[in-house]
Amino acid sequence: MNTEGMLDELLQLLEKAGVEVRMEQMGGGGGGVCSVKGKSIVFLDVQASAMERAAVCARALAKAVNLEEVYMKPEVRQFVEREDQRSI
């Protein structure tokens, strides 16, 4: 799966999990996750590469859902688990 396909899959999974995603210009830093009044919001930097945005989405997804309870394509699951381990 190419990077854009991975990013699309991750965005769909975040949407299903009820996580708001905002696309903003932030100077190419990738983005991040925050919580406002108990609701998770992912900020993605439109100036960052697709890989950086996918990594931010993967880390957010790992925090937002129980990965064992959500179906993901195997390569998406591997990417999410790898990014989750990097964030520790």
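User: Is Ala54 buried or exposed?

Analyst: Ala54 sits in helix H2; helices (H or I, at least four residues) and strands (E, at least two) are DSSP runs, numbered from the N terminus. Buried means under 20% relative accessible area, exposed over 50%, and partly exposed in between (1.4 Å probe, protein chains only). Ala54 has a relative accessible area of 0%, so it is buried.

User: What kind of model is this, and how are residues numbered?

Analyst: This is a predicted model, in which local features need pLDDT of at least 70 and side-chain atom pairs count only at pLDDT 80 or more, while totals for chains, interfaces and linings use all residues. Side-chain values use heavy atoms, with hydrogens and water left out, and residues are numbered from 1 along each chain as its sequence is written.

User: Which element of the chain has the lowest mean pLDDT?

Analyst: pLDDT is the predictor's confidence in each residue, from 0 to 100. The chain averages 91, and 99% of the residues score at least 70. Helix H1 (residues 3-16) has the highest mean among the elements, 95, and the lowest, 86, belongs to strand E2 (residues 31-36).

User: Which residues does Ala54 touch, not counting residues up to four places away in sequence?

Analyst: Contact means heavy atoms within 4.5 Å. Ala54 and Thr3 are 51 residues apart in sequence, and their C-alpha atoms are 7.5 Å apart in space. The residues that Ala54 touches are Met6, Leu7, Leu10 and Phe79.

User: Are H1 and H2 roughly parallel or roughly perpendicular to each other?

Analyst: Axes are lines fitted to C-alpha atoms, for helices over the stretch in contact, and angles run from 0 to 180 degrees between N-to-C directions. H1 and H2 (residues 50-64) pack at about 30 degrees, with axes 9 Å apart. Angles under 35 degrees count as roughly parallel, over 145 as roughly antiparallel, 65 to 115 as roughly perpendicular and the rest as oblique. H1 and H2 are therefore roughly parallel.

User: How many residues of the contact of H1 with H2 are nonpolar?

Analyst: On the H1 side the contact includes Thr3, Glu4 and Met6, and on the H2 side it includes Arg53 and Cys57. Ala, Val, Leu, Ile, Met, Phe, Trp, Tyr, Cys and Pro count as nonpolar, Asp, Glu, Lys and Arg as charged, and the others, Gly among them, as polar. One residue of this contact is polar, two are charged, and the nonpolar ones number 13.

User: How do H1 and H3 lie, roughly parallel or roughly perpendicular?

Analyst: The axes of H1 and H3 are 11 Å apart, at an angle of about 80 degrees. That makes H1 roughly perpendicular to H3.

User: Is Val56 buried or exposed?

Analyst: Val56 is in helix H2. Its contacts, leaving aside neighbours within four places in sequence, include Gly30, Val33 and Phe43. Its relative accessibility is 5%, so Val56 counts as buried.

User: What is the relative accessible area of Lys37?

Analyst: Lys37 lies in the loop between E2 and strand E3 (39-45). Its phi is near 50 degrees, a positive value in a residue other than glycine. Lys37 is exposed, with a relative accessible area of 86%.

User: Is Glu68 buried or exposed?

Analyst: Glu68 is found in the loop between H2 and helix H3 (74-86). Its C-alpha atom is separated by 29 Å from that of Ala48, 20 residues apart along the chain. With a relative accessible area of 69%, Glu68 is exposed.
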